[in-house]
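Visitor: I would like to go through this structure term by term. Please set each value against its cut-off.

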Amino acid sequence: MPGRRFALAAAAAVVALLARAPSGASAASPLVVKATLEGEINAATSTYIAQAVQRAESEHAQALLVVMNTPGGLSTSMDDMVTSLLNSRVPVVVYVAPVGARADSAGLFVAQSADVVAMAPGTNLGSAHPITASGGNIGGELEQKVVNDAVARIRNLASIHGRNADWCEKAVRESVNVGVDQAVSLHVADLKANDVPSLLSAIDGRELPRTHGGPVSLQVSGARVEDDPMPVPLQLLQLLINPNVAYLLLLLAIFGLIAEVTTPGAILPGTVGVISAILALVAFTSLPVNIAGVLLILFAFALFVIDLKAPTHGVLTVGGVASLVLGSAFLINTGAVGEGINLWLIAGAGLASAGFFGFVLSKAVEARSRPAYDLTVASQPPNDKEGVR
């Protein structure tokens, strides 16, 4: 009986191992991990790409495929992403796709950090001249300093991978931009591919010089392409750290808390304000915030509240609106290749604040102009002597 039990246990173990073992086709086929970089480059997307690199390395993938469509984004996040891709021990392939996609501004730096750059039909890349957070020219010696730094960086990235460093420099200095066919002919991109299977087939067997060790030969024809989607927490963070969303959360938090203070016991405004304040704090910790902008916005709402209590007839409200607009314009400093808060949103916030506090102020002035009610007279009992005998 003990021998029979041992035989059954051994058979069960063998069956379990066979069930968990990959099929012959899966075990023989190479693995390519695919990450999708869609939208602006920010703290969430840079963390996502870093995690994709780690997964590709841990699973010994033949390559990491980054499908990219971006207008650019934060320079700090771009630097983090470039560092992750340059130090990847797995070859990196950037594919600008789908049709109509682009790799502009910070996206050009990310593309040039890859071992292979491929582009789908109808795509383009370039336009990497540094700009301010509001989209204008930097100007002066600061612009020259930022441009020179960006030129040195893009030339290094292109030269490391044997691409056209001179054109990449023009993309930074002159904001030139090219489509896929011209990009390939200029050797800014390595090839044109209609889809992922044709891309993998075209680069199969290609020798790639690597900073980690010697050259690597890509073996990716017929590879298993496994998607590595952005985790839900990072998707939520990406939504929050949009400068416009973060700004709206900040305004909602301040309006909600002021409404709770001015109308104690309302509960709902305070609850909404606290939740919005926490979300805004999460968002701003991932954005380059200008402290002067924060102080101007807080000063604006302090003026609004004081104007409700003091008989200034709206003078402080006007000053508060001006302080709010200026603070909003300076609030987010997204760097040379980033974008700040939408100017129309700032104008709308100024008008909404002026309308809201103007309405509340008019009610407060009206209440202060009413005659006081004598509570001592109202509290005296009626003189009903005729009814007393």
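Guide: Start with strand pairing: two strands pair if DSSP finds at least two bridges between them. Strands (E, at least two residues) and helices (H or I, at least four) are DSSP runs, numbered from the N terminus. This is a predicted model, in which local features need pLDDT of at least 70, side-chain atom pairs count only at pLDDT 80 or more, and totals for chains, interfaces and linings use all residues. Residues are numbered from 1 along each chain as its sequence is written, and side-chain values use heavy atoms, with hydrogens and water left out.

Visitor: What joins strand β6 to β7?

Guide: There are 3 bridges between β6 (residues 124–126) and β7, and the two strands run antiparallel. At least two bridges are required, so β6 and β7 count as paired. One of the partners is G179 in β7, bridged to N124.

Visitor: Which sheet has mixed pairing?

Guide: The open sheet of 3 strands, in the order β4-β6-β7. Its edge strands, β4 (102–104) and β7 (177–179), each pair on one side only. From one strand to the next the twist averages 15 degrees; axes are lines fitted to C-alpha atoms, for helices over the stretch in contact, and angles run from 0 to 180 degrees between N-to-C directions.

Visitor: What is the strand order in the open sheet of 6 strands?

Guide: The order is β8-β5-β3-β2-β1-β11, with parallel pairing. At the edges are β8 (191–192) and β11 (224–227), each pairing on one side only. Helix α3 (residues 43–58) packs on this sheet and touches β1, β2 (63–69) and β11, where contact means heavy atoms within 4.5 Å. The direction of α3 makes about 180 degrees with that of β1.

Visitor: How many bridges pair β1 with β11?

Guide: Strand β1 (residues 31–38) pairs with β11 over 4 bridges in the parallel sense. V32 stands opposite V225 in β11.

Visitor: Why is the contact of R153 with D79 called a salt bridge?

Guide: The term requires a side-chain nitrogen of Lys or Arg within 4 Å of a carboxyl oxygen of Asp or Glu. The closest N and O atoms of R153 and D79 are 3.3 Å apart, so the pair qualifies. R153 lies in helix α6 (residues 140–160) and D79 in helix α4 (residues 75–86), so the pair ties together parts 74 residues apart in sequence. The whole structure holds 12 salt bridges.

Visitor: Why is R153 called partly exposed?

Guide: Buried means under 20% relative accessible area and exposed over 50%, with partly exposed in between (1.4 Å probe, protein chains only). R153 has 28%, so it is partly exposed. D79 has 29% and is therefore partly exposed.

Visitor: What makes the pair of F255 and F301 edge-to-face?

Guide: Rings of Phe, Tyr and Trp (its six-membered ring) pair if their centres lie within 6.5 Å; planes under 30 degrees apart count as stacked, over 60 as edge-to-face and the rest as tilted. The centres of F255 and F301 are 5.3 Å apart, with planes at 90 degrees, so the pair is edge-to-face. The count comes to 1 aromatic pair. F255 lies in helix α11 (residues 243–262) and F301 in helix α13 (residues 291–309), so parts 46 residues apart in sequence are tied together. F301 has a relative accessible area of 4% and is therefore buried.
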